[in-house]
Amino acid sequence: MASASAGKRLAARKGATHWRIDSMADSVSRKGFVSLIGSAGIAAAVTQAPETAVAAVTPAAPAAHHPASPHAMPAAPLGSEPEAYAFFNDDEAAFVEAAVERLIPGDHLSPSAKELGVALYIDQQLAGGYGAAARMYTHGPWMPGTPQQGYQLRQTPAEAYRLGILETNAYTQKTYGKTFDKLDAAHRDDVLTGLEGGKIVFESIPSEVFFNFLYGNTVEGFFADPLYGGNRDKAGWKMIGFPGVAANYQDQIAKHNVPYRVAPVSIADVQQGKPVAAGHMLMHDMALANIKKMKEGR
Amino acid sequence: MKSVDAVMVGVGWTAGILSRELTKAGLSVVGLERGEFRNTDPDFLTPGMHDELSYAIRYKLFQDASRETVTFRNNSKETALPNRQFGSFIPGDGLGGSGVHWNGMNWRFLEWDFETRSRSIARYGAAVLGEDCTSQDWGVTYAELEPYYDRFEYLCGISGKAGNLKGKKIPGGNVFEGPRSREYPNPPMTTSYSNEMYRKAALELGFHPFTQPTANNSQPYKNNEGIQMGGCAYCGFCERFGCEMLAKASLQTTLWPLLEAEPKFELRTNSRVMRVELDSSKKKAIGVTYLDAAGNEVFQPAELVFLTAFSLNNVHLMLLSGIGTPYDPATGTGVIGRNYTYQTGTGGTVFFDDKHFNTFMGSGALGGALDNFNGDNFDHSGMDFIGGGVMQQSTTGARPIQYHPVPKGTPRWGAAWKAAVAKYYNSSFTMNAQGGVQAYRGNYLDLDPTYRDQFGQPLLRMTFDWGKHEHKASEFIAGKYRQIAAAMGAKDAIINSLAPHYSIVPYQSTHNTGGAIMGTDPKTSAVNTYMQTWDVSNVFAVGANAFPQNAGYNPTGTVGALTYRTAEAIVKRYLKAPGPLA
């Protein structure tokens with residue numbers, strides 16, 4: 001299944017851009033499909049998407065992956081926004097999608113990290129200041145240190161990804177005769193375990209360093225506010241019961257051992273004026289009222 | 001540039017207090033802040049402030065390591081290497097400094113903490129300290145500081161319950177604390193489920209738990225400067241975030257409206273001080289040189305210079321400016337950089353089935369605590385260590401990138417990891433002790449011989465590792481936490497004591513203390529008890545750099561008290577007769 005879907009994507013990547021609507025029709029419900037193509041804005045975004053956008057909008061088949069929980073399916077299907085990879089090339093995008101899908105797989109609890117847009121999240125991070133080590137000290141001399149001295153490699157996070165993906169694919173080509181993204185789930189897990197423990201030896205950087213970037217960023221993308229491209233439909237938050245942008249909990253904190261369950265709220269929900277749990281707006285109003293009182297007190 | 005009476009290097013808590021007191025006394029004050037201007041409205045408002053990735057993970061409010069950082073090694077045999085990204089500690093940047101992003105845990109140190117050396121020797125004999133321990137008495141006592149603690153608490157609106165009012169012990173408060181002259185300005189916060197489970201277990205074990213004091217106001221509060229603050233919403237975005245409710249005390253919420261309106265005060269942001277300029281005698285400062293927003297070097301003449309930056313930056317600037325003699329660990333002579341200390345963290349996570357803690361609610365300092373194993377509150381006879389730490393169970397807000405614990409034996413990723421995260425996110429909580437750190441001959445700060453900052457100046461070099469007292473106290477406290485975990489009926493508990501060596505990688509604490517310490521002897525201290533430098537009497541190094549060693553508490557309350565004491569001494573004594581105050 002995974003292999004077939006990767007193959008389909010790869011073929012699409014090398015082909016024309018119209019593939020996307022077709023393949024999405026395979027996996028999106030009839031109703032969803034109609035509403036999707038009914039949007040002129042989305043259609044325009046699709047046709048204008050550069051080739052590298054392909055992987056970002058590759059539709060998974062969430063209903064097939066976890067039929068037990070259709071409610072966990074993203075409300076907005078992948079590709080319904082003009083999202084595109086800015087940093088990854090096609091091979092890298094395929095790799096990262098295939099990796100994050102194993103680090104956080106889809107099941108009855110939530111769709112996979114891939115389906116939640118985590119590869120896009122990582123791409124956006126690497127394309128920006130984080131990837132360029134904008135807030136890291138990057139002057140030499142460069143020397144190996146003790147574990148207590150922390151990261152001492154020359155590579156920026158973006159460079160570490162590029163090298164790590166190349167070297168992992170070189171390893172899987174040698175070992176399995178194909179790139180990582182075309183391996184079945186069990187073999188991908190074996191390779192990820194080999195990276196994690198440093199058992200797969202790279203020439204450029206320690207493989208566990210690459211794994212730690214990948215793993216840490218995957219968890220970030222799964223749980224960060226959806227505005228960064230991952231945690232689509234707040235599914236990461238729904239899975240654990242995190243309410244997102246916080247509310248006023250003055251009346252809740254004393255309710256011991258009583259779960260607080262609300263639809264989580266994202267930054268965009270508030271900024272765009274979507275209906276949210278009462279406590280959220282209350283907090284904003286209270287903050288403004290407090291500020292007014294402070295100013296009046298002067 | 002027109003000369004001013006006083007210049008502040010860095011504008012956070014200490015500069016705010018000093019600027020307020022000195023302008024009231026008629027002095028002109030300029031505050032030079034390397035970072036940006038930020039205020040509650042609009043910078044800390046929801047929803048934008050409640051962005052875990054940007055603030056907590058990418059460090060939006062913090063010092064930028066690409067501009068300046070430290071180098072680090074565990075001991076002087078190693079080569080120090082740059083701390084390329086902040087991890088273990090995260091100093092603040094911008095108006096308000098670290099006082100914007102703190103949790104609001106606000107403590108008074110114990111009476112014992114100020115007399116660590118003499119009381120330890122008196123009770124246990126000199127051998128307990130160990131040959132390399134250079135912890136010493138502060139030169140100021142708790143009783144002398146009490147009025148200033150009180151003043152800072154009423155500035156912030158600290159919420160808590162006294163455990164010792166003028167010597168009378170009060171159950172439910174912290175019965176180990178030194179005598180207070182009056183109650184806290186606000187009642188304790190509303191406790192969470194985990195706080196109450198912790199309290200119950202601690203009581204069963206015969207300990208003395210209490211609701212910990214906090215600078216997150218339990219109700220709206222008008223402070224002792226007439227500034228109206230808000231009440232905490234328990235929103236769970238506190239540490240590493242600014243507070244939109246005006247409930248977490250900071251420069252912005254307690255003093256800024258006054259300074260903003262004060263004609264004798266001027267703030268210049270994006271102004272990075274490069275050095276303090278001394279006259280030819282090297283005994284008097286004539287002002288400071290800074291880089292303005294355009295990158296131009298500007299000389300600001302001043303009669304008084306206050307180093308009011310983060311502790312590490314204060315020490316750095318003293319070394320760069322040639323104020324005082326740098327410490328030499330080989331001979332034990334010199335004082336600048338001596339007795340650098342830190343904070344230990346001991347604790348972990350407890351897991352339960354079928355309980356819901358809602359730990360995404362909370363405030364930075366909402367918690368239960370017990371002080372039975374802090375300072376010298378218990379008999380250390382035969383234990384071969386001194387000190388301890390305050391044992392907390394805090395409900396600080398479980399944001400999921402940072403908080404998604406799993407029980408022992410859970411895979412690190414994949415379906416089983418995910419299932420454990422989903423199961424335990426809301427059925428677990430953490431406990432942590434802030435442990436004291438003693439000073440040792442080999443732990444110090446100096447200038448790095450190799451690495452330089454973005455402005456061409458040598459980086460500060462940190463040489464530091466845990467010593468005997470930290471390891472043994474941490475093991476001891478971990479044992480107590482295991483007892484509490486069992487008493488609470490936890491299904492699983494992951495309780496960690498210190499690793500063999502201090503690492504600069506994982507976050508631990510932004511309580512970097514010492515390096516320009518106070519005392520009564522210029523041979524073993526950099527500043528007197530008014531934080532006035534011994535060598536240049538119109539330069540004051542104000543902050544946690546002055547702690548001779550660190551207590552088992554968060555530092556801000558003591559920094560606030562020491563700063564008020566300094567301000568009073570300047571206004572009442574120094575201005576009449578400029579010169580050494582001690």
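**Interface.** Buried area is the accessible area (1.4 Å probe) that two parts lose on being put together, summed over both. I looked that up for chain B and chain A: they bury about 6700 Å² between them. Of this, 64% lies on carbon and sulfur atoms. On the side of chain B, B:R84, B:W413 and B:K418 lose the most area to chain A, together 14% of what that side buries.

**Ground rules.** This is a predicted model, in which local features need pLDDT of at least 70, side-chain atom pairs count only at pLDDT 80 or more, and totals for chains, interfaces and linings use all residues. Residues are numbered from 1 along each chain as its sequence is written, chains are lettered from A and ligands numbered from 1 in the order in which they are written, and side-chain values use heavy atoms, with hydrogens and water left out.

**Contacts.** I took contact as heavy atoms within 4.5 Å. By that rule, 83 residues of chain B touch 81 residues of chain A. Next I looked up salt bridges (a side-chain nitrogen of Lys or Arg within 4 Å of a carboxyl oxygen of Asp or Glu). There are 4 between chain B and chain A. One salt bridge joins the side chains of A:E220 and B:R58, at 2.7 Å, N to O. Helix α11 (residues 415-424) of chain B gives the most to the side that touches chain A, with 6 residues. Helices (H or I, at least four residues) and strands (E, at least two) are DSSP runs, numbered from the N terminus.

Two strands pair if DSSP finds at least two bridges between them. I found an open sheet of 6 strands in chain B, with the order β7-β15-β16-β17-β14-β20 and antiparallel pairing. B:F210 has B:A369 as its bridge partner in β15(B).

**Four-stranded sheet.** Chain B also has an open sheet of 4 strands, ordered β4-β3-β19-β18, with mixed pairing. β4 (81-82) and β18 (444-452) of chain B are at the edges, each with a single partner strand, so one side of each lacks a neighbour in the sheet. β3 (residues 70-73) and β4(B) run antiparallel, joined by 2 bridges. B:F72 has B:L81 as its bridge partner in β4(B).
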